[in-house]
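Me: I would like to go through this structure with you. Could we begin with the helices and then move on?

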Amino acid sequence: MPGTTARTPADVGRYVSDTWRDRYFEACDAVYALGAPALAEQDVETSFGTTHVYHYGPADPAAQSRTPIVLVHGAGSCSAMWYPNTPDLSADRPVYALDTPGDPGRSVQRAPLHQPEHAAQWLEETLTGLGLDHVHLVGTSYGGWLALNQAHRRPGRLASVTLLDPGGLEKVGLRFFVWIFISLFATFAPKALRPRLAAWLEQPVLVVPELRTMIRTAVRAYRIRRPAPLPLSDDELSTIRTPLYLVLGKRSLLVHPQRQMERVPRVIPGARAEIIPGTGHGPQIDHAEEINRRMLDFMASVA
């Protein structure tokens, strides 16, 4: 992988140094080891840079022919964050986990893609490069905005879309950024205090040592250069015809769960929406077994 150079555009994410990049990769690999082992990794060239992809798959030959799942992670992270989900999901059907260019990970960004049309083009080119014509797209947080944007702008390859406490439904408020800041500060707390802080903040990062190290290293190693995405309007959402499943944490600080629980099925024909108690912004981590089952049931229902 090429190192950073002085010619990197100002609005493109970058590692601060090769040394910090390598430290981050080491931390990521420790998190990947908590999930299913990848069958393969590959790099897909797009107009915006190289997308690094992890491929997981079932042992059952019959399951290998099912419509695959494509996972898109949240901002400031990489596809290692799906470690609680890859074992169950990949036992049922093929799974592809993307490292989004512009976030820390093994993808290499060369051009900005935060504009909605560019983001949709990037994902379309990535799916084309993987040879995937029909997929179940799953996105969380910023990855939820990418999935929602894809359903609005480039839905042709989508069998379904699952949104896990996603961006793109309302403007990101101050309360979310405060939560992010406090959560990051809490990663430096003494070990004995972390379980209590994790429960108070709805932040599982604090009690998974490998995940905590990965997040802390990402903050030191990588500079994200993009604005928060603008939410989709009711008119934009109403164009979506892809089967859609919205999962919200009851104590989410990114969205107002009850408001979106009522809005999304009203605006998007046939959309399903659920609020998960006992969790905030990371239901797929806090309640991995339950969310995995719900996602797979939804995908089977629209197959």
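Me: Which residues are buried in helix 4?
Reply: In helix 4, the buried residues are Ala119, Ala120, Trp122, Leu123, Glu124, Thr126, Leu127 and Leu130. Buried means under 20% relative accessible area, exposed over 50%, and partly exposed in between (1.4 Å probe, protein chains only). Helices (H or I, at least four residues) and strands (E, at least two) are DSSP runs, numbered from the N terminus.

Me: Before we continue, what kind of model is it, and what is left out?
Reply: This is a predicted model, in which local features need pLDDT of at least 70 and side-chain atom pairs count only at pLDDT 80 or more, while totals for chains, interfaces and linings use all residues. Residues are numbered from 1 along each chain as its sequence is written, and side-chain values use heavy atoms, with hydrogens and water left out.

Me: What covers the buried residues of helix 4?
Reply: The cover includes strand 2, strand 3, strand 4 (69–72), strand 5, strand 7 (135–141) and helix 5 (142–153).

Me: And what follows helix 4?
Reply: Gly131 follows helix 4, and its phi is positive, near 75°.

Me: Turning to helix 1, which of its residues are buried?
Reply: Trp20, Arg21, Tyr24, Phe25, Ala27, Cys28, Val31 and Tyr32 are the buried residues of helix 1. They lie on the same side of helix 1, because they cover an arc of only 165° around the axis. The arc is that of the directions from the helix axis to the C-beta atoms.

Me: What lies over them?
Reply: The cover of the buried residues of helix 1 includes strand 1 (14–15), strand 3, strand 5 (95–99) and helix 8 (209–221).

Me: Now the strands. How are strand 2 and strand 3 joined?
Reply: Strand 2 (residues 40–46) and strand 3 (residues 49–56) run antiparallel and are joined by 7 bridges; two strands pair if DSSP finds at least two bridges between them. A hairpin of 2 residues connects strand 2 to strand 3. Gln42 stands opposite Val53 in strand 3.

Me: Is Glu45 buried or exposed?
Reply: Glu45, which is in strand 2, is exposed, with a relative accessible area of 53%.

Me: What does Glu45 contact?
Reply: Leaving aside neighbours within four places in sequence, Glu45 is in contact (heavy atoms within 4.5 Å) with Thr50 and Arg110.

Me: How far is Glu45 from Trp122?
Reply: Glu45 and Trp122 are 9.7 Å apart in space, C-alpha to C-alpha, and 77 residues apart in sequence.
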